[in-house]
Amino acid sequence: MELRRIHHAAIIATDYQRSKAFYTQVLGLRVVAENYRAERCSYKLDLALPDGGQVELFSFPEPPARPSRPEAAGLRHLAFVVPDVGEAVAELAAQGVYVEEVRVDEYTGKRFAFFADPDDLPLELYEG
């Protein structure tokens with residue numbers, strides 16, 4: 001088997017319109033396709049990253065809460081590479097998004113910072 005890259009990460013939103021605005025307007029991801037699946041009362045929004053990867057944003061009626069912090073088992077966070085963490089943090093802060101203090105990875109020396117989407121899903125900016 002030859003795994004080449006991550007194709008997409010899927011996220012289920014509790015408030016689809018709010019999360020759609022966050023991922024498209026705040027983070028600037030481009031909409032590839034948006035479909036409403038009437039039989040499931042569910043939206044599926046495909047969002048493009050510049051490297052070809054995607055974020056899939058779903059809505060479902062009354063999704064159960066997922067433990068996120070502190071350090072719950074399962075997917076920990078979704079990280080996005082940015083050219084300059086400081087600039088990205090400033091852009092998010094200008095839009096009212098709280099971003100944790102910028103830290104330095106002790107192994108790589110790269111700067112990173114965490115923030116959250118509207119459902120408190122941990123997201124990371126990683127300088128690369």
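Relative accessible area, computed with a 1.4 Å probe on protein chains only, is called buried when under 20%, exposed when over 50% and partly exposed in between. The model shown is predicted: local features need pLDDT of at least 70, side-chain atom pairs count only at pLDDT 80 or more, and totals for chains, interfaces and linings use all residues. Residues are numbered from 1 along each chain as its sequence is written, and side-chain values use heavy atoms, with hydrogens and water left out.

**View 1. The largest nonpolar core, with Tyr-23 and Phe-115.** A nonpolar core is a set of buried Ala, Val, Leu, Ile, Met, Phe, Trp, Tyr and Cys residues joined through side-chain atoms within 4.5 Å. The largest such core holds 24 residues, and Tyr-23 and Phe-115 touch the most other members. Two or more residues each come from β1 (8–13), α1 (16–26), β3 (42–48), β4 (54–59), β5 (78–82), α2 (85–94), β7 (111–116) and β8 (122–127). The largest share, four residues, is given by α2. Helices (H or I, at least four residues) and strands (E, at least two) are DSSP runs, numbered from the N terminus. In soluble globular proteins, nonpolar side chains tend to be buried together.

**View 2. Surroundings of Tyr-23.** Contact means heavy atoms within 4.5 Å. Leaving aside residues up to four places away in sequence, Tyr-23 touches Ile-11, Gly-28, Leu-29, Leu-47, Leu-57, Asp-117, Leu-121 and Leu-123.

View 3. Leu-92 is buried, at 5% relative accessibility. Residues up to four places away in sequence again not counted, its contacts are Val-26, Leu-27, Val-97, Val-99, Phe-115 and Leu-125.

**View 4. Strands β6, β7 and β8.** Two strands pair if DSSP finds at least two bridges between them. β6 (residues 103–104) pairs with β7 in the antiparallel sense over two bridges, and Val-104 stands opposite Arg-111 in β7. Six residues lie between the strands of this hairpin, where Gly-109 takes a positive phi near 80°. β7 and β8 also run antiparallel, joined by five bridges, with Phe-114 opposite Glu-124 in β8. The hairpin of β7 and β8 has five residues between its strands, and Asp-120 in the turn has a positive phi of about 70°.

**View 5. The salt bridge of Glu-34 and Lys-20.** A salt bridge is a side-chain nitrogen of Lys or Arg within 4 Å of a carboxyl oxygen of Asp or Glu. By this rule the count is seven. The Glu-34 and Lys-20 side chains meet at 3.1 Å, N to O. Glu-34 lies in strand β2 (residues 30–37) and Lys-20 in helix α1, so the pair ties together parts 14 residues apart in sequence. Glu-34 is partly exposed, with a relative accessible area of 35%.

**View 6. Salt bridges of Lys-44 with Asp-46 and of Arg-103 with Glu-100.** Lys-44 and Asp-46 meet through their side chains at 2.5 Å, N to O. Lys-44 is buried at 19% relative accessibility, and Asp-46 is buried at 11%. A network of salt bridges links Lys-44, Asp-46 and Glu-56. The side chains of Arg-103 and Glu-100 meet in a salt bridge at 3.6 Å, N to O. Arg-103 is partly exposed at 38%, and Glu-100 counts as partly exposed at 24%.
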